[in-house]
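I set out to record what I looked up in this structure, entry by entry. Each entry keeps to one topic.

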Amino acid sequence: MKFTRISLVLVLASAFGFSTQSAISEELTVATFVPPQHHTNTVMFKWFGEELASRSNGTLTMKLFPAGQLGAGPVQQYKRAVEGVADITFGVSAYTPALFPKTMLAIPPGKSENSHDATNRILAVFDEYLADEYSDVKVIGLTTAAGIGIAATKDVSTLEGLEGAKIVPYAALTTPIIEAMGAVPIQMPVTEMYTGLSTGTIDGAYATYNNMTPPWNFWDVTTHFVVNVPVQHAVIFVVMNRERYESLSPEHRAIIDELSGEAASMKLAESFDGADERSLALMQETTGKNYELIEVSPEERARMDAAVAEGLKVIFADYAERGIDNAEEIYNAINN
């Protein structure tokens with residue numbers, strides 16, 4: 001039997017365990033709405049890009065498009081992945097809550113006080129409770145930004161201080177909790193909070209230490225940063241267009257699979273917790289800023305936790321009215 005030149009190449013490739021498809025260089029586009037210097041870019045996506053290139057011998061790479069270059073604003077990030085505007089997108093589930101009602105149950109205060117712990121809890125329940133919400137995409141990673149404090153223009157360290165205060169929660173979902181604490185919930189994306197605080201449109205916002213320092217700079221427009229509040233979590237996703245993922249060679253898909261899930265999720269958590277650690281250190285060493293760091297007393301925290309419990313009852317009832325009868329079960333599983 002005579003072999004053509006192409007046939008010989010195929011035989012050799014097979015003999016040495018290579019796929020001809022894997023030799024094709026692929027570049028994945030990554031869309032994010034945050035600026036280039038954001039920690040998710042300098043930590044998680046830097047790691048992800050380096051791992052892609054290293055594990056594929058340079059045949060699988062990524063190109064980051066920060067600051068909304070592939071579409072302005074955070075709201076449409078999941079849609080951009082589904083529709084293939086970008087191969088991979090970074091986004092916040094609370095901006096499209098109708099798509100992620102069960103994932104959103106990781107947002108209300110529970111047992112998690114940081115991104116690392118919250119990420120472990122989300123991953124532990126993902127397959128059983130959350131996976132069906134992501135059937136249109138390939139999930140690269142999930143984590144949270146832990147709202148460990150309230151950046152405010154007044155002292156909101158007591159329920160009396162919260163009474164009537166206009167506070168931005170991490171999601172509309174937690175409106176009943178904010179109301180139970182006596183405050184007035186105002187919905188606003190993080191990209192508008194600096195202006196809202198500076199103009200008095202809002203009195204405060206759930207925030208991280210990282211929100212206080214560059215690039216967000218809330219410390220320029222607040223007088224208080226209140227910690228030991230019931231922690232809310234913004235659930236963060238990194239997802240990939242499913243068709244693009246399936247179009248890759250088996251070797252390239254295997255690399256994506258190895259990096260996805262726990263590895264990417266914990267790298268995301270590392271970026272958020274690490275940014276908070278660095279920002280807290282910067283806050284402690286920086287002088288000349290007109291804000292006070294206040295810790296809620298144990299007695300006031302107990303009162304706030306009691307208000308959270310009342311707000312959760314309203315949230316679970318609302319879920320039941322929408323046909324999701326196991327919302328409390330999912331919340332409890334996350335906070336087991």
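**Entry 1: the largest pocket**

I began with the largest pocket of this predicted model, and I noted a volume of about 500 Å³ for that pocket. I then looked up its lining, which consists of 29 residues; Val 92, Tyr 95, Tyr 170, Val 190 and Ala 234 are the closest to the centre. I asked which elements each supply at least two residues of the lining. They are β3 (88-92), α7 (190-199), α8 (209-212) and β8 (224-241). By class, I recorded 23 nonpolar residues and six polar ones in the lining of this pocket, with no charged residue.

**Entry 2: the cavity**

I recalled a general point: rolling a probe the size of a water molecule over the atoms shows where empty space is left. How many cavities of 30 Å³ or more does the count give? I found one. The largest cavity holds about 50 Å³ of space. For its lining I wrote down Ala 106, Pro 108, Pro 109, Gly 110, Ser 112, Ala 118, His 233, Ile 334 and Asn 335. These lining residues comprise five nonpolar and four polar ones, and no charged residue is present.

**Entry 3: α4 against α11**

I turned next to helix packing. Two packed helices are described by the angle between their axes and the distance between the axes. Helix α4 (residues 115-130) packs with helix α11 (residues 262-285) at about 155 degrees, and the axes are 8 Å apart. The crossing of α4 past α11 is right-handed. From α4, the residues that meet α11 are Ser 115, His 116, Thr 119, Asn 120 and Leu 123. Their partners in α11 are Glu 262, Ser 265, Met 266, Ala 269, Phe 272 and Asp 273. I sorted this contact into four nonpolar, five polar and two charged residues.

**Entry 4: α2 against α11**

I then looked up helix α2 (residues 39-55), which packs with α11 at an angle of about 150 degrees, the axes being 9 Å apart. Because of that angle, α2 is roughly antiparallel to α11. I noted a right-handed crossing where α2 passes α11. On the α2 side I listed His 39, Thr 40, Val 43, Met 44 and Trp 47. On the α11 side I listed Ala 263, Ala 264, Lys 267, Leu 268, Glu 270, Ser 271, Phe 272, Ala 275 and Arg 278. The contact of α2 with α11 has eight nonpolar, three polar and three charged residues.

**Entry 5: α4 against α13**

I returned to α4, whose axis comes within 9 Å of that of helix α13 (residues 327-334), at a crossing angle of roughly 145 degrees. Arg 121, Val 125 and Tyr 129 of α4 make this contact with Glu 329, Ile 330, Ala 333 and Ile 334 of α13. I counted five nonpolar and two charged residues in this contact, and no polar ones. Ile 334 is also one of the residues that line the largest cavity.

**Entry 6: backbone details**

Most residues other than glycine have a negative phi, and most peptide bonds are trans. Where does a cis peptide bond occur? I found a cis bond joining Pro 214 and Pro 215, with omega about 15 degrees. Pro 215 lies in the loop between α8 and β8. Ala 67 has a positive phi, near 55 degrees. I placed Ala 67 in the loop between β2 (60-65) and α3 (77-83).

Notes: Residues numbered from 1 in each chain as written. Predicted model: local features only at pLDDT ≥ 70, side-chain atom pairs only at ≥ 80, totals over all residues. Heavy atoms only, no water. Axes fitted to C-alpha atoms, helices over the stretch in contact; angles between N-to-C directions. Helix = DSSP H or I, 4+ residues; strand = E, 2+ residues; numbered from the N terminus. Left-handed = near helix turned anticlockwise from the far one by under 90°. Contact = heavy atoms within 4.5 Å. Nonpolar A, V, L, I, M, F, W, Y, C, P; charged D, E, K, R; others polar. 1 Å grid on protein atoms, 1.4 Å probe; cavity = no way out; pocket = protein on both sides within 12 Å on 5 of 7 lines; lining within 4 Å. Points joined across faces, edges and corners; volume = space filled by probe spheres on them. Parallel < 35°, antiparallel > 145°, perpendicular 65-115°, else oblique.
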